[in-house]
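Me: I am new to reading protein models. Could you walk me through the features of this one, step by step?

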Amino acid sequence: MSKNVLILSASPRKGGNSDTLCDQFQKGAEEAGNQVEKIRLAELNIGYCSACYACKTLGYCVKQDDMQQVAAKMREAEVIVLATPVYFYTMFAQLKTMIDRTLGAAQKAGLENKDFYLIVTAAAGKKAMERTVEGLRGYLDCLPGAKEKAVIYGAGAWQLGDIQNNPAMQEAYQLGKNL
């Protein structure tokens, strides 16, 4: 059965290592007959949450930027992929900003009961990426019914293109194919 898949790539570089793993996941998922959309967060205008909490009263965020479109696509998706390079042992700023802005989106139904796949890349090994993965898991803990399906670790990927011969390439493709 076809699924609606949303890939949120936080890579600052188009074709960067984590972005490339997103493409592999997308390729596998599309070949399996799923509907897939990839959004590159670096290409959007998403402002910071200002903790005004208007969303608690209104049920939506009052900031007018690209986050409304992202939140709508997140609600429509059955599967969401969160992908980020790891810089200084944490997720890239664009992903954290998007996550913080879902506070307003979460005031309205539709973000619950999603399947999540996490993609992380770093120059270091898997152990160095665990802090980032734990931060992403903390986010999933805040979304009712969120299910972590898998984590793809692109270890040893420092320079642009380092991911090409990494086992994570095949893993991303296979996980997409087997949704």
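Me: Is L58 buried, partly exposed or exposed, and why?

Reply: Buried means under 20% relative accessible area, exposed means over 50%, and partly exposed lies in between (1.4 Å probe, protein chains only). L58 counts as partly exposed because its relative accessible area is 43%. This is a predicted model, in which local features need pLDDT of at least 70 and side-chain atom pairs count only at pLDDT 80 or more, while totals for chains, interfaces and linings use all residues. Residues are numbered from 1 along each chain as its sequence is written, and side-chain values use heavy atoms, with hydrogens and water left out.

Me: Which helix holds L58?

Reply: Helices (H or I, at least four residues) and strands (E, at least two) are DSSP runs, numbered from the N terminus. L58 lies in α2, which covers residues 54-58.

Me: Which residues have a positive phi although they are not glycine?

Reply: One is A51, with phi near 55 degrees. A51 sits in the loop between β2 (35-40) and α2, and is partly exposed because its relative accessibility is 41%. Another is Y89, with phi near 65 degrees. Y89 belongs to the loop between β3 and β4 (90-91), and counts as partly exposed because its relative accessibility is 46%.

Me: How many cavities of 30 Å³ or more does the structure hold?

Reply: Rolling a probe the size of a water molecule over the atoms shows where empty space is left. On a 1 Å grid over the protein atoms alone, a cavity is a set of points where a 1.4 Å probe fits but cannot get out, and a pocket is an open set with protein on both sides within 12 Å along at least five of seven lines; lining residues have an atom within 4 Å of a point. Grid points are joined across faces, edges and corners, and a volume is the space filled by probe spheres set on the points. Here there is one cavity of 30 Å³ or more, and the largest cavity has a volume of about 120 Å³. Its lining has 15 residues, and C49, C52, Y53, C55 and C61 are the closest to the centre. The helix that gives the most to this lining is α4, with four residues.

Me: How do the residues lining the largest cavity divide by class?

Reply: Ala, Val, Leu, Ile, Met, Phe, Trp, Tyr, Cys and Pro count as nonpolar, Asp, Glu, Lys and Arg as charged, and the others, Gly among them, as polar. The lining of the largest cavity has 10 nonpolar, two polar and three charged residues.

Me: What about the largest pocket: how much space lies in it, and which residues lie nearest its centre?

Reply: The largest pocket holds about 340 Å³ of space. Of its 18 lining residues, V86, Y87, A122, A123 and W158 lie nearest the centre. The largest share of the lining, three residues, comes from β3. By class, the lining of this pocket has 12 nonpolar, five polar and one charged residues.

Me: In which sense do β5 and β6 pair?

Reply: Two strands pair if DSSP finds at least two bridges between them. Strands β5 (residues 115-122) and β6 (residues 147-155) pair in the parallel sense over eight bridges. For example, V120 has Y153 in β6 as its bridge partner.
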